[in-house]
Amino acid sequence: MEFIELSTDCYYFKSAVNIGYIVNNDKSKGMLIDAGLDSSAAKKVIKQLHSEKLPLTHLFITHAHADHFGGAFYIQQNVDVHTIAPALEEAIMRNPILEPIYLSQGNFPLKEMRNKFLEAPSIRVDELCSEGSLESFSEVQTIHLPGHSYNQHGILFGGTLYAADAFLGKDVLQKHKIPFIVDTSKNIETLEKLKEIDVEGMVPGHGNYVTEYKDVIQDNILIQESITSEVHNIINHSGGSGISFENIVAAMLTKYEVEPTNLGAYSLFRTAISAHVNQLLEQKSAVYKITGGIPVIFSAAYKA
Ligand SMILES: [Zn+2]
C-alpha cells in the first residue's frame with residue numbers, strides 16, 4: 001500500500017481498494033475517505049499517518065460495500081474518529097448483513113455469502129450526509145454519486161475529487177467486464193455529472209489517480225451503454241418466446257466470458273445485469289410476462 005501525496009493536503013493510499021486522506025489548513029483535522037477491506041489495511045493506514053505525524057479525526061465512508069468499510073471497525077476501535085456516511089448507506093453500515101441479504105434477493109443469506117467481501121463488521125455512524133457540506137468538516141464538499149450504490153457520495157477537496165466507485169480506473173475497467181451497478185440510468189447521470197466537474201484530478205475507488213478523467217469517464221459510459229445494448233440484443237433475439245432473467249444473465253456471462261465460481265460472485269453479476277434489464281423495462285423497450293411461473297422478458301415489439 002503506497003501513500004501518495006497528490007497536492008497540498010490531498011493524499012491517497014493506493015491499493016486494490018484506494019483510501020483517500022485529506023487534512024485541513026492548520027492540520028487540526030484529518031479525514032480518511034473509506035477504510036479498505038479489513039483490519040490489516042486499516043492498521044497500515046493508521047501506522048503511516050502516525051509516522052508522518054498527520055492527524056486522524058474524521059472517517060468518511062462513501063458507500064456501504066464491504067471492501068470500502070471493512071477496515072472501519074478497527075479504526076473506530078483504535079482511534080477516536082468522528083464517522084460520517086450518506087443516509088441509507090449508513091443503515092447498511094450499522095446492519096451489514098443487509099448487503100448479503102439484498103444480494104440473496106431478500107432471503108436470509110447462505111453462510112458462504114457471509115464473508116468479508118460481502119459483509120463487513122458493523123460500525124457506528126456519527127453524522128449523516130447528503131450533497132453539500134459537512135457539519136463537522138466544512139472545508140469539504142460532498143457530491144451525490146448514485147448508480148453503483150444507492151446513495152454513494154464522493155468528497156471534493158482542494159482540487160481533488162474522491163469519486164469512490166462512481167467510475168473505474170482505465171486499468172481495472174477491462175478486468176471487471178460487467179462493472180457492478182444497481183441503477184443504470186442513475187449511473188449514467190452520475191458519470192455525465194462527473195465529466196462536468198472541473199478539478200485537477202480524481203481518485204477512483206479502484207484504479208489510479210487520474211488527471212485526464214474525462215476520457216476515463218467517457219470509457220465507463222461507453223462500456224455501460226454497450227452492456228445495455230447487449231442485453232437489449234439478447235432480448236430482441238429471443239423473439240416471440242421471450243427469455244427469462246436467468247437466461248439473460250447466462251447469455252451475458254457467456255458473451256463476456258465471465259465464470260463466477262460461487263453464488264457470491266454470481267449475485268454481483270446478476271445484480272449488475274438486472275440493472276440493465278430494469279432500465280429496458282422502465283424505458284418500455286422491453287416488457288415482461290409471467291408464464292408458467294417464470295418472469296419472461298420480451299422485446300417491446302412483441303407486446304400483445
Ligand atoms: Zn463499491
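Q: How many strands form the open sheet that begins with β1, and in which order do they lie?

A: First, the basis of what follows: this is a predicted model, in which local features need pLDDT of at least 70 and side-chain atom pairs count only at pLDDT 80 or more, while totals for chains, interfaces and linings use all residues. Residues are numbered from 1 along each chain as its sequence is written, and side-chain values use heavy atoms, with hydrogens and water left out. Helices (H or I, at least four residues) and strands (E, at least two) are DSSP runs numbered from the N terminus, and two strands pair if DSSP finds at least two bridges between them. Here 7 strands form an open sheet in the order β1-β2-β3-β4-β5-β6-β7, with mixed pairing. β1 and β7 (127–129) are the edge strands, each pairing on one side only. From one strand to the next, the twist averages 25°; axes are lines fitted to C-alpha atoms, for helices over the stretch in contact, and angles run from 0 to 180 degrees between N-to-C directions.

Q: In which sense do β6 and β7 pair?

A: Strand β6 (residues 82–86) pairs with β7 in the parallel sense, over 3 bridges. Within this pair, Ile84 stands opposite Glu127 of β7.

Q: Which strands does α1 lie across?

A: Contact means heavy atoms within 4.5 Å. Helix α1 lies across β1, β2, β3 and β4, and runs at about 140° to β2. This helix comprises residues 39–51, 13 residues in total, and reaches 18 Å from its first C-alpha to its last, close to the 18 Å expected at 1.5 Å a residue. The expected span is 1.5 Å times one less than the number of residues.

Q: Which residues of α1 are buried, and which are exposed on the other side?

A: An α-helix has 3.6 residues a turn, so residues three or four places apart point the same way. Buried means under 20% relative accessible area, exposed over 50%, and partly exposed in between (1.4 Å probe, protein chains only). In α1 the buried residues are Ala41, Ala42, Val45 and Leu49. Seen down the helix axis, they fall within an arc of 95°, so they line one face of α1; the arc is that of the directions from the helix axis to the C-beta atoms. On the other side of α1, Lys47, His50 and Ser51 are exposed. The cover over the buried residues includes β1 (2–7), β2 (10–14), β3 (19–23), β4 (30–33) and α3 (72–78).

Q: Which way do the residues of β12 point?

A: In a regular strand the side chains alternate between the two faces of the sheet. In β12 (residues 201–204), Gly201 and Val203 point one way and Met202 and Pro204 the other way, and all are buried. Strand β11 (residues 160–164) pairs with β12 in the parallel sense over 4 bridges, and Met202 of β12 is the bridge partner of Leu161.

Q: Which residues of α9 are buried, and what do they pack against?

A: Helix α9 (residues 245–255) has Ile248, Val249, Met252 and Leu253 as its buried residues. They cover an arc of only 130° around the axis, which puts them on the same side of α9. Glu246, Thr254 and Lys255 are exposed on the other side of α9. The buried residues pack against α8 (213–237), β13 (243–244), α10 (263–282) and β15 (294–299).

Q: In what order do the strands of the antiparallel sheet lie?

A: This open sheet has 3 strands in the order β13-β15-β14. Its edge strands are β13 and β14 (286–291), each pairing on one side only. α8 packs on the sheet, touching β13, β14 and β15, and its direction makes about 100° with that of β15. α10 also packs on the sheet, touching β14 and β15, and makes about 105° with the direction of β14.
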